[in-house]
Amino acid sequence: MGKILRRTFLIGTGVIAGGLAVGFYTASRPWPNPLEDDLGEGETTFSPHVKVGADGSITIYTGRAEMGQGVTATLAALVAEELGVSLDSVLVEHGPASGAYYNSAVLEDSGPFPLFAESLVAETSRKASKQLGRVLGLQITGGSTSVRDAFDRMRHAGAMARHLLFAAAAERLGTTPDSLSFDGRDILSAEGSRIAIADVAPAAAALEPPRQLALKDPSEWTILGRPQPRVDALAKVTGAPIFGIDVELPDMVYGTVRMSPRFGAVIRSADTSAAESMPGVIKVVRLETDYGTGFGVIAENTWAAFTAAEAIEVEWDDAPYPHDTEAIMNVFRTTAAGNWRGSSWRDDGEVETAFADAPADSVLTAEYEVPYLAHAAMEPMNATARFSGGSLEIWAPNQAPTLLQMVCARTAGIDSEKVTVNTTFLGGGFGRRAEADFAIYATLLAMQADGRPVKVTWTREEDMTHDVYRPAAAGRFRARIGNDGLPEAVDMRIATPSIMKSVGKRLFPSLPMGGPERLLTEGAFDQPYRIANYRVTGIETEMPIPVGFWRSVGNSFNAFFHECFLDEIAEKGGQDPLDMRLKLMADHPLAVAVMERLAEISDWGAPLPAGRAKGVAFTLCFGSWVGEVVQVADSPDGIRIEKVWAVAEIGRALDPGIVTAQLESAIVFGLSSAVGQEITFADGMVEQQNFYDYDALRIGQCPRIGVAILENGDRLGGVGEIGTPPSIPALANAVFALTGKRIRKLPLNREVDFA
């Protein structure tokens, strides 16, 4: 575990703490199949993932949110492969809110151990954390875990349904199960006799399931391992009403919110009379929640609600934190530079001794920092709720249905069993929709709407200024360079707020949170480099600005710190940056293979024309090993990002097309943040309002991206977030190689222009 502050680190993960609030069931308690509660006439279910309709149709329930990442296609493919049907012959739906769709993988790596730690303590921690996922029934889409979590479970669901259906059909047809196959909505025998799936499904469901079933060897796969059509593509390209913001219900009214622009600040005075008298306005509601203080408006249409919200005359209190960005960042800077002990989840060798006798010219020091970032999902925050007869129904694009169920039940003062959560498609999530504020506000307004459903839509400005941001951070680093040009000692101190405590305060305000947190230094303490004296310290810094999960979480900024500082070490030591990484990661063949392949496809080391340069970076995160090279070029309009090469070792690519798309998406996401995104504060309020001042890379700015997928590891890695962390330092290192300017603060466009 290293020399960390050993205060119940499991609680420090916070995810576990969150689970405790969901409800600590006994470990042996089986989760009931939620599909059984809503079966229609003639319908049959075999597990939470498979249902046979009265017409013989087969529906696969995924239990994970589709937010553009293609998860519904891959999860359905896992079932279809073992069931023995084609992907286009089944229906795919998101499962209802239920503990049966628990995610155990999201907790598995929450302890203080890097992926490559294989000690008994590390493995025991992983197994214990993984079991908690099932016990707690935490249904959540996040942490690049959906496929890793589903790989065995959903294949077993498909194999079980096939076994039961074929056993029942074989008895009716007078043949053996192994002679049967699916043919449309029939089951066909080798002799040519057939029977409808619907006719045997009830008898199949009544059979005793076997204790064990053999799954297909990957050499037998016909669906997995190949690019598949996206099952969500048709609805999206035809504009089907599939997102939360598309929800329309009979007798619906509409709403919006206007919350305090200063986080944690209350209302000094307010006059809502002008807003209440506006045409179409039904009611103005005061909102007091763990997310903030403000107003909700119920109206006959969304525009009337927006207009009335603006008409509320209100004086807000002061912010309980420094009022501008410079003052806020000074807190992080002074913390990183101070004497706070923090938590060192990596502390190899004797760092202080190594620096004690270091010649002055062998020591390199640097200070880095990153700003707060917003999620800026294309679909603004929204939710629809109906509160009637003591029951609550919610329609929302969300990443955590059982969490919404619990929190909204608490808000409404009813039991969770009386809350139904309908998960729609998400128009972007990136961690933002793992929160509950949008559903809480819809619940509170629905409780004031006399049983009518209320669709609550945020303006883009309300969304941008009331996010739960990627935290800002500051780092203070030093290294001792040996005579061979390699680092003999590295000491990294990183000051940033606790994401888990911020999340816990909003979602589980009565639950104490303590202990060091992995997210402070993930992406830095857990990298596969051998350095004799190597310490990475996270210093939790109090700052009452809400922070939350942002694509790749702590890796998003720690990779920038770690990989740019390594680039500085290579430059001072006269080392090629890619070659130096290869030397430092020599103990880890998977990492070496990634970098060697990266050097090959990017033609690293080959001379470049004048005005062009490359930068490299590597990050081990979410169970995957990823290296990237970014090539930039001088242009009359500024620096152009021309090309990106990425190599990812993920163990096994179940859908190479989706894996490639995820890496491309994550790279553009990371580059967008590196080039120009930041959330700044003035008078305690967020200054950015919309995409005109918080933009992403446009199509014309996006580089060509080449992706290579390696499958050498024996463990599945995540793919949704892994492209983001190395893209940011690789770009910064490329800019240094091109301009000679070492930029240690993001975004980069503070110091250079981009085309």
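Start at glycine 740: this residue follows helix H21 and has a positive phi, near 80°. Residues are numbered from 1 along each chain as its sequence is written. One caveat: the model is predicted, with local features needing pLDDT of at least 70 and side-chain atom pairs counting only at pLDDT 80 or more, while totals for chains, interfaces and linings use all residues, and side-chain values use heavy atoms, leaving out hydrogens and water.

Step back and select 724-739, which is H21 itself. (Helices are DSSP runs, H or I, of at least four residues; strands are E runs of at least two; both are numbered from the N terminus.) From first C-alpha to last, H21 reaches 23 Å over 16 residues, close to the expected 22 Å; that expectation is 1.5 Å times one less than the number of residues. Mostly covered, H21 has 14 of its 16 residues buried (under 20% relative accessible area, 1.4 Å probe, protein chains only).

Now jump to the open, mixed sheet, four strands in the order E1-E2-E3-E4. Its edges are E1 (44-47) and E4 (91-93), each pairing on one side only; pairing takes at least two DSSP bridges. Zoom in on E1 and E2 (residues 50-52): they run antiparallel, joined by three bridges. Pick threonine 44 and you'll find valine 52 of E2 opposite.

Next, show H3 (residues 71-83), which lies across E2, E3 (58-61) and E4, at about 130° to E3. Contact here means heavy atoms within 4.5 Å; axes are lines fitted to C-alpha atoms, for helices over the stretch in contact, with angles from 0 to 180 degrees between N-to-C directions. Finish on H7 (residues 197-205), lying across E1, E2 and E3 at about 50° to E1.

Methods
Buried means under 20% relative accessible area, exposed over 50%, partly exposed in between (1.4 Å probe, protein chains only).
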